[in-house]
Amino acid sequence: AIWMIRPGKKGQRNRRAWLDAALAAIARTGVRGLKVQSLAAELGATTGSLYWHFKDRRALELALLDHWAEESTEGIARQIESLAGTPEERLLELLLLIEKNQTVTRDIAVRSFAAHDEEATKVVKRVDERRAQGVSGLFRAVGFRGHGVAMGTHLFLSYESSAAACTPPALLQPESLGRVNRRAAAAPQNRSSHGVVVRPARCR
């Protein structure tokens, strides 16, 4: 599993293990709760093990941002690209992977960090652009064109970044994709000036 800590010798943990633990920690308590002593205790390691891999706390934070980008976006993208199913099936599998990997919880923590950290802001922007690129490509593969691509991408990413109380939009069911695409082209009143649907996703 992506988020599991790999076992190692007592008192020692590899760089990936520290990053996995740190990512899980900020999802629980935010970046302010990212404490070296607590991470070491959780891993059964010494604080010296962390400083072997990271110069200081700031170095850990910066590495954590890249780790989040890799695990929540690039790694998932590679899994989706390797699937042999239809574009519709890959869209649905993407939603399942997002839920399985607790992407939303980790996203909330990193985006909160980005609200007051310039480097975090840059990484979040890069991740958002990469996600939009990947999702829009899937919608084009499904057969969406023009405003339909913008509509599908917007709604998908809105769901992905929403609270877990929201259920997957009906448009993501394979049998509904064609209908939504046609509706997007025929209903300009439902789009913003940029051609993106702005109605919120349906929640429980």
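Me: Which residues have the most contacts inside the largest nonpolar core?
Reply: This is a predicted model. In its largest nonpolar core, those residues are Trp-18, Ile-26, Leu-34, Leu-39, Leu-60 and Trp-68. The core has 30 residues.

Me: Which elements give two or more residues to this core?
Reply: Helix 1 (15-29), helix 2 (36-43), helix 4 (57-82), helix 6 (103-114) and helix 7 (118-142).

Me: And which helix gives the most?
Reply: Helix 1, with seven residues.

Me: What about a second core, which residues does it include?
Reply: Leu-91, Ile-98, Val-142 and Phe-156 are among them. That core is separate and has 16 residues.

Me: OK, step back. How many helices and strands does the chain have?
Reply: Nine helices and zero strands. Along the sequence the pattern reads α-α-α-α-α-α-α-α-α.

Me: How much of the chain counts as buried?
Reply: 43% of its 204 residues.

Me: What share of the contacts comes from residues 24 or more positions apart?
Reply: 64%, taken over contacts in the chain with a separation of 6 or more.

Me: Let's zoom in on helix 2. Which residues are buried there?
Reply: Val-36, Leu-39, Ala-40 and Leu-43 are buried in helix 2.

Me: Where do those sit around the helix axis?
Reply: Looking down the axis of helix 2, the buried residues fall within an arc of 100°, so they line one face.

Me: Why would that spacing put residues on one side?
Reply: An α-helix has 3.6 residues a turn, so residues three or four places apart point the same way.

Me: Which residues are exposed on the other side of helix 2?
Reply: Gln-37 and Ala-41.

Me: And what does the buried side pack against?
Reply: The buried residues of helix 2 pack against helix 1, helix 3 (47-53) and helix 4.

Me: What comes just after helix 2?
Reply: Gly-44, with a positive phi of about 65°.

Me: Switching to Ala-109. Where is that?
Reply: Ala-109 is in helix 6.

Me: Buried or exposed?
Reply: Ala-109 counts as buried, because its relative accessibility is 8% and the cut-off for buried is under 20%.

Me: What is Ala-109 in contact with, leaving aside neighbours within four places in sequence?
Reply: Ile-26 and Ala-27. Ala-109 and Ile-26 are 83 residues apart along the chain, yet their C-alpha atoms are separated by 6.0 Å.

Me: On to the rings. How many aromatic pairs are there?
Reply: Two, from a search of the whole structure.

Me: What kind of pair do Phe-139 and Phe-156 make?
Reply: Their ring centres are 6.5 Å apart and the planes lie at 80°, so the pair is edge-to-face.

Me: Which helices does the pair link?
Reply: Phe-139 is in helix 7 and Phe-156 is in helix 8 (residues 147-160). The two are 17 residues apart, and the pair links distant parts of the chain.

Me: Are those two buried or exposed?
Reply: Phe-139 is buried, with a relative accessible area of 0%. Phe-156 is buried too, at 1%. Phe-156 is also one of the residues in the second core.

Me: Which residues make up the ring cluster?
Reply: Phe-139, Phe-144 and Phe-156, linked by ring pairs.

Me: What else is in helix 8?
Reply: Gly-148 lies there. Gly-148 is buried, with a relative accessible area of 2%. Its C-alpha atom is 9.6 Å from that of Ser-136, twelve residues apart along the chain.

Me: And Gln-133, buried or exposed?
Reply: Exposed, as its relative accessibility is 54%. Gln-133 is in helix 7. From Gln-133 to Thr-153 is 8.9 Å, C-alpha to C-alpha, and the two are 20 residues apart in sequence.

Definitions and conventions: Residues numbered from 1 in each chain as written. Predicted model: local features only at pLDDT ≥ 70, side-chain atom pairs only at ≥ 80, totals over all residues. Heavy atoms only, no water. Core = buried A, V, L, I, M, F, W, Y, C linked by side-chain atoms within 4.5 Å. Buried < 20%, exposed > 50% of the residue type's maximum accessible area, 1.4 Å probe, protein only. Helix = DSSP H or I, 4+ residues; strand = E, 2+ residues; numbered from the N terminus. Arc of directions from axis to C-beta. Contact = heavy atoms within 4.5 Å. Phe/Tyr/Trp six-rings, centres within 6.5 Å; stacked < 30°, edge-to-face > 60°.
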